[in-house]
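These entries record what I looked up in the structure.

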Amino acid sequence: MAEEIVGRGDPIRTLELMWGRAPAPRRGPKSRVSVAELVAAAVAIADAEGIDAVSTRRVAEAVGISPMSFYTHIPDKAVLLDLMLDAVATGQAGEETPEFHPANWRANVTLVARSFRRFYLAHPWALQIGTHRPVLGPNTIRAYDNFLSVFDGLGLGEVEMDLCVILVANYVHGAVRDVVRANMVKAQTGMSDDEWWYTIEPFLSTMDFSPYPVASRVGAVVGELYGLGDPDLAFDFGLERILDGLERLVEGKASGTDVIPAKAGT
């Protein structure tokens, strides 16, 4: 599957649609559907069947209009992908950004990180869309503002706050990929991880793993504990280690330590 890429459509047209600034048609009858309804239909298809199932024709049929009518609302699939990502971003229209007390910053980061993880588990297709240029819609910016807020009031500079968001977001993105991939493998093979393990275990039991003493020792313990892995345990463990590192950063800022090195050559 070729990776879908956001940001390929007309950037101004995309922003107009995201922010409700698209010019109204000058003539013709009023449309029976809205852009929001088309985007919601596309999200529902992606949630149920994956991003490959989303096409302008499928979306048009889902809301009861002709495929050609779709283009009177949204110019192409490239723009649709941007609209879909913004539609499902954390936060809803009219929802206020929660207040995070700086004294509870570890709990605050944990709360947002787990919310971010739930987002990907609810919309795994979002992991299949390549993002580099940001989707600058209202929901996406609200999510970014919400994420930044957990680092506000800790004595960090603006760049440091942004880098903290990137650090945690990248960790969640990478950690949740394994969960989504495991679900895809199970769906495509019709075999659970336990079933796969029981299938190959008789063969493995005939092998001599003594040349790999550390792997043999550790593998036996973790295999007995959680088989091929415990994604929740792994996520919590990794997040705690990141929080420990961020704690050193916050403490270092309080003591006046410069934590962002100068660029080479400056």
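**Entry 1. Core.** I looked up the largest nonpolar core of this predicted model. The core holds 61 residues, and Met84, Trp125 and Phe151 have the most contacts inside it. I then listed the elements that give two or more residues to this core: helices H1 (11-18), H2 (35-49), H3 (56-63), H5 (77-88), H6 (105-122), H7 (138-149), H8 (158-189) and H11 (231-254). Helix H8 supplies the largest share, 9 residues. As general background, I noted that nonpolar side chains tend to be buried together in soluble globular proteins.

**Entry 2. Trp125.** I next asked which residues Trp125 is in contact with, leaving aside neighbours within four places in sequence. I found Val43, Ala46, Asp47, Ile51, Met84, Leu85 and Val88. Met84, one of these contacts, is itself among the core residues with the most contacts.

**Entry 3. H6 against H8.** How far apart are the axes of H6 and H8, and at what angle do the helices pack? I read an axis separation of 9 Å and an angle of about 40 degrees. H6 is therefore oblique to H8. I recorded the crossing of the two helices, H6 and H8, as right-handed. On the H6 side, the contact is made by Val109, Ala113, Phe116, Arg117, Tyr120 and Leu121. On the H8 side, I listed Val168, Ala169, Val172, His173, Val176, Val179 and Val180. Sorted by class, the contact of H6 with H8 comprises 11 nonpolar residues, 1 polar and 1 charged.

**Entry 4. Phe119.** I also looked up Phe119, which lies in helix H6. Is Phe119 buried or exposed? Its relative accessibility is 14%, so I count Phe119 as buried, the cut-off being under 20%. Not counting residues up to four places away in sequence, Phe119 touches Val88, Ala89 and Ala126.

**Entry 5. Whole chain.** Finally, I recorded the overall composition. The protein has 11 helices and 2 strands. From the N terminus, I read the order of elements as β-α-α-α-α-α-α-β-α-α-α-α-α. Of the 266 residues, 33% count as buried. Among contacts with a separation of 6 or more, I noted that 78% join residues 24 or more positions apart.

Conventions: Residues numbered from 1 in each chain as written. Predicted model: local features only at pLDDT ≥ 70, side-chain atom pairs only at ≥ 80, totals over all residues. Heavy atoms only, no water. Core = buried A, V, L, I, M, F, W, Y, C linked by side-chain atoms within 4.5 Å. Buried < 20%, exposed > 50% of the residue type's maximum accessible area, 1.4 Å probe, protein only. Helix = DSSP H or I, 4+ residues; strand = E, 2+ residues; numbered from the N terminus. Contact = heavy atoms within 4.5 Å. Axes fitted to C-alpha atoms, helices over the stretch in contact; angles between N-to-C directions. Parallel < 35°, antiparallel > 145°, perpendicular 65-115°, else oblique. Left-handed = near helix turned anticlockwise from the far one by under 90°. Nonpolar A, V, L, I, M, F, W, Y, C, P; charged D, E, K, R; others polar.
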